[in-house]
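Please look through the structure shown here, and keep the fold as a whole in view before turning to its individual parts.

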Amino acid sequence: MLGIFGKKGQARQMIRDTKAIIRSDESAYTDRHLGKITALTDKHLERAKTEISSGADPGKVPRWLRETHRTARKGSDQAGLSSATLAIIFLKAKKLGDVAQPACDAIEAFLARWPKIPDEESGS
């Protein structure tokens, strides 16, 4: 019983966090900045999915993504921070399954809503 409540609690928190990040970014940033966030998020998710399909543990957030998140936070790179956070939430929500699907749906809707603008620094 405790495991089910814990899983539901984690899912609810992920859903709240996802909505808060997206709402905050959409109200604070320009379309160009939002496009940069979507491009980076998409890039992170594609890389993670490629690694998972190559045998990486699907239940674990890749080390490079955690490091990307840490670097963006320390460097005050808001686009990098939002994109890494959304990618981490997406991967964790996928692991939790149906109970966390609304978080994945919100992220996918966000990615579809804003045209991707490549990051000039990384050339993505």
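Which are the buried residues of H5? In this predicted model, they are Ala103, Cys104, Ile107, Phe110 and Leu111. Seen down the axis of H5, these buried residues fall within an arc of 125°, so they line one face of the helix. An α-helix has 3.6 residues a turn, so residues three or four places apart point the same way. Helix H5 itself covers residues 101-113, and its 13 residues reach 18 Å from the first C-alpha to the last, close to the 18 Å expected at 1.5 Å a residue.

Leu65, once its neighbours within four places in sequence are left aside, is in contact with His44, Ala84, Ala87, Ile88 and Leu91.

For the protein chain as a whole, the secondary structure comes to five helices and zero strands, and 38% of its 124 residues count as buried. Among contacts with a separation of 6 or more, 73% are between residues 24 or more positions apart. The radius of gyration is 14 Å, which agrees with the value near 14 Å that a compact globule of 124 residues would have, while the C-alpha atoms fill a box of roughly 50 × 35 × 25 Å, taken along the principal axes.

Key:
Residues are numbered from 1 along each chain as its sequence is written. This is a predicted model: local features need pLDDT of at least 70, side-chain atom pairs count only at pLDDT 80 or more; totals for chains, interfaces and linings use all residues. Side-chain values use heavy atoms; hydrogens and water are left out. Helices (H or I, at least four residues) and strands (E, at least two) are DSSP runs, numbered from the N terminus. The expected span of a helix is 1.5 Å times one less than its number of residues. Buried means under 20% relative accessible area, exposed over 50%, partly exposed in between (1.4 Å probe, protein chains only). The arc is that of the directions from the helix axis to the C-beta atoms. Contact means heavy atoms within 4.5 Å. The radius of gyration is taken over C-alpha atoms; the globule rule is 2.2 Å times the number of residues to the power 0.38.
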